[in-house]
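Please open the model in a viewer and keep the selection tool at hand.

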Amino acid sequence: MHITVAGKQVETGEALKVHATEGLKNVARKYFDHALDAQVIFARNRSFFTCGITIHAGRGLTVRGEGEGPDAHRAFDVAAEHIAKRLRRYRRRVNEHSRHLAEERLPAEAETARQVILAGPVEEPEEEEEVSNLVEAHPEDGTVADGLTAKEHDDLLEKQDGGGAIIAETPTEISHLTVSEAVMRLDLGQMPVMMFRNRASGQLNVVYRRPDGHVGWIDTAAVAG
């Protein structure tokens, strides 16, 4: 397993890298057979440290854990324990699932889709006069008021009209799974929502984390016929 340790405004010395690397290797040896790579990211948040761990345990199978502590070592330990807790819950199924994925060929197991991230809504200005001041053009340097470029200005107007500017676009995988496998991936990866193709019905399904902590399931097979 290839492990990358990095910090955001945090010095990651040799001792911290060894601590993180050995800790993840122990987790991998104990809870699952296959692991492709892992990333450990440390950051500082005021008076405490945070750590985010992402392990790619197999194609399409991601495990995430987050932790915080008074120092980077403790933050890693908390994040690693969160991952271990999830893997203890799914130990047998993760091993079976990862072995099954290793034996299957990609075209039979997944589809490719497009994932787009849209900018969130912006607050409406309180006075109409503020908008007119904001969009006052300066054609000589290609900018508008407040130092916005013409493109940034157009994007802002689009969002004010109720649209959303595209800030990221990446390919994503729609896996062929059972409902229980989809729920397992949702939990292991700490994802809010996941789309998959139901292996039993062949229809697109969605599982998602509800505000009350339970998991919701949207099954399109009920209306497909």
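Predicted model: local features only at pLDDT ≥ 70, side-chain atom pairs only at ≥ 80, totals over all residues.

Contact means that heavy atoms lie within 4.5 Å. Helices (H or I, at least four residues) and strands (E, at least two) are DSSP runs, numbered from the N terminus.

Residues are numbered from 1 along each chain as its sequence is written, and side-chain values use heavy atoms, with hydrogens and water left out.

**The whole protein**

Begin with everything displayed. The protein has seven helices and 11 strands. Buried residues (under 20% relative accessible area; exposed is over 50%, partly exposed in between, with a 1.4 Å probe and protein chains only) make up 34% of its 225 residues. Among contacts between residues at least 6 apart in sequence, 48% join residues at least 24 apart.

Next, colour by pLDDT, the predictor's confidence in each residue, from 0 to 100. The average for the protein is 79, and 71% of the residues score at least 70. Now select residues 128-139, where pLDDT stays under 50. For this stretch the model has 18 contacts beyond four places in sequence.

**Two loop residues**

Select Gln9, in the loop between strand 1 and helix 1. Gln9 has a positive phi of about 60° although it is not a glycine. Is Gln9 buried or exposed? Its relative accessibility is 82%, so Gln9 counts as exposed.

Move on to Arg46, in the loop between strand 2 and strand 3. Arg46 also is not a glycine, and its phi is positive, near 60°. Arg46 counts as exposed because its relative accessibility is 78%.

**The nonpolar core**

A nonpolar core is a set of buried Ala, Val, Leu, Ile, Met, Phe, Trp, Tyr and Cys residues joined through side-chain atoms within 4.5 Å. Select Val40, Phe42, Ile53, Phe76 and Leu87: of the 32 residues in the largest core, these touch the most other members. The elements that give two or more residues to this core are strand 1, helix 1, strand 2, strand 3, strand 4, helix 2 (72-103) and helix 6 (179-188). The largest share, 10 residues, comes from helix 2.

Centre the view on Ile53. Not counting residues up to four places away in sequence, Ile53 touches several residues, including Leu24, Val40, Val63, Phe76 and Ile83.

Apart from this core lies another, of six residues, among them Leu177, Ala182, Met194 and Val207.

**Helix 6**

Select helix 6, which is mostly covered, with seven of its 10 residues buried. Among the buried residues are Glu181, Met184, Arg185 and Asp187.

Stop at Asp187, in helix 6. Asp187 counts as buried because its relative accessible area is 12%. What does Asp187 touch, leaving aside its neighbours within four places in sequence? Asp187 is in contact with Arg86, Arg89, Tyr90 and Arg209. Just after helix 6, Gln190 takes a positive phi of about 50°.

**The hairpin**

Finally, select strand 10 (residues 204-209) and strand 11 (residues 215-219), which pair in the antiparallel sense over five bridges. These strands form a hairpin with five residues between them, and Gly213 in the turn has a positive phi of about 95°. To end the tour, select Val206 together with its bridge partner in strand 11, Ile218.

How values were computed. Pairing = 2+ DSSP bridges.
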